[in-house]
Amino acid sequence: MTGAVTGKVTGKVAEAATGARGGRPVVVVGAGAAGLMAAIFAGRARPAGGVVLVERSRDGGRKILISGGGRCNVLPSELDPRHYVTSSSPHTLRNLLLSWPLDEQRAFFEEDLGVPLALEPESGKLFPVSNRARDVRDALVRVAREAGVRILFERSVEGLEPPGSTASWRVHLDGGETMAARAVILATGGLSVPATGSDGTGLRLVEALGHRVHPVYPALTPLLTEPAVHAGLAGVSLEATVAARGVRGRAGEGRPRVSGGFLFTHRGYSGPSVLNVSHFAVKARAEGHPQVLEVAWTGEDATTWDERLQEATSGNVGPLLRRTLPHRLVDRILEEVGVPPDRALARLRREERARLVAALTAYPLPWTGDEGYRKAEVTGGGVELGEVDPRTLESRIHPGLYLCGEILDAFGPIGGYNFAWAWATGRRAGQAAGSDPGLGSGSEPGSDSGSDVGSDAGSGSGSADAMG
Ligand SMILES: Cc1cc2nc3c(=O)[nH]c(=O)nc-3n(C[C@H](O)[C@H](O)[C@H](O)COP(=O)(O)OP(=O)(O)OC[C@H]3O[C@@H](n4cnc5c(N)ncnc54)[C@H](O)[C@@H]3O)c2cc1C
């Protein structure tokens, strides 16, 4: 498809020009995790025309700043591709993810960015030694500039036009300016936490360009219950196992049974175990069928609890449960199954024991909804992985267009998995786009000879005023 104008382009379209080294630049759209990494590697490839990174927020990487509770869980210490979720080929996902081995990713942060990482043993997550997400974001921006990348902050890409009669991509910015590009890397993320700048514009652009976008949905999101039947337990947290009943967990579905932190909130449920299975609930609801989520409050199975309750001949039920579970939760469970906490274990009737064992090991969580994109850590769905070349991340539909990060149809569980995806795909797209000669290599005659786009190589933010 050629010549299609996508997105809304209003006002005077000015031809803004190319880079200081001549030729047309590689334009990276979005300075999040994937776009910053892509810009660094594209910059290091030194394409004629340089690399321009366009970011709508004032300083970029805003999701990096809020990640990991402000500490940024940069990577996991182990990476299992089977834990990712995609509607595309899990095999392609695996290839892309493993294109940058985990130990090399870690070395990049420590050696190239100068951000040493430390393992949090209990979670297996890697954080910066400083525990400051800002250090990660700032280092990425600094190294991008050192690679010669010119950054235009507070500028938004509103349209993309593939090479048609000209040999350049046309990148339409807010305000009516247009940049000519030899290649475009789209790293605009998904829809989660729109306050960080990710509002789905990129998804609309690629869809308009003819790409297949799998339906998007909030993932890694807290669940809600209406009415808030467990509001009285708000603040109670424990280690639990949450399972999506009846789900086998085929390749690409993610894990249907997850152990980890569980948190009661005023409106529902959160914590890693809930977030990691939330997509089963969200997708089922969107598709109009019920999905039961069951909780094993101690992670132990029915046989273990049945034996424990039968073997304990002295003492009462309440104290036995309180040895392993938070007191408020114990009171609530006993109330629900109709067993008083001071019931002697020796006098527990068979049906009472059966109800209690079921409530302890397969408690049906009364969820009714989810927190949506406002709180979702990632967006499920996105651009079909089969529509990019796995060796380069170049679009199979539009040569010269590269896609990376969350815009693609993949996400992983909590634990650094999502940055690992953003870093790996960003690097690969940057390397490939940086060495892309572009159609009709060299300067494009007649059209790209206006003013320079952002003359801030190695300095502060780009300036809209610099545009033609
Ligand atoms: C609260 C929270 C905590 C998280 N913690 C972790 C964690 O600890 N570890 C982990 O691995 N993952 C974590 N994640 C997930 C992780 O942040 C994302 O997977 C990752 O940031 C995706 O990177 P991306 O570059 O693809 O997209 P984004 O980070 O969303 O970046 C997209 C960028 O593109 C810009 N943009 C969008 N449209 C345009 C446009 N039209 N023009 C110009 N610019 C545009 C946006 O402003 C944004 O800067 C967390 C997410 C959230 C919300």
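In what sense do strand β11 and β21 pair, and over how many bridges? Strand β11 (residues 183-186) pairs with β21 in the parallel sense over three bridges, where pairing requires that DSSP finds at least two bridges between two strands. The bridge partner of I185 in β21 is Y402.

The model is predicted: local features need pLDDT of at least 70 and side-chain atom pairs count only at pLDDT 80 or more, while totals for chains, interfaces and linings use all residues. Residues are numbered from 1 along each chain as its sequence is written.

The chain contains 12 helices and 21 strands, taken as DSSP runs numbered from the N terminus (helices: H or I, at least four residues; strands: E, at least two). Of its 468 residues, 49% count as buried, that is, with 20 or more other C-beta atoms, placed from the backbone, within 10 Å of their own.

Five strands form an open sheet in the order β7-β3-β2-β11-β21, with parallel pairing. Because β7 (149-153) and β21 (401-403) stand at the edges with a single partner strand each, one side of each is left without a neighbour in the sheet.

The ligand is surrounded by 40 residues, the closest being G30, G32, G189, G197 and G405; a residue is included if its C-beta atom, placed from the backbone, lies within 6 Å. At least two residues of this shell come from each of α1 (33-44), β3 (51-55), α2 (62-66), α6 (201-208) and α12 (417-434). The largest share, four residues, is supplied by α12.

Notes
A residue is buried if 20 or more other C-beta atoms lie within 10 Å of its own, exposed if 12 or fewer, and partly exposed in between; C-beta atoms are placed from the backbone.
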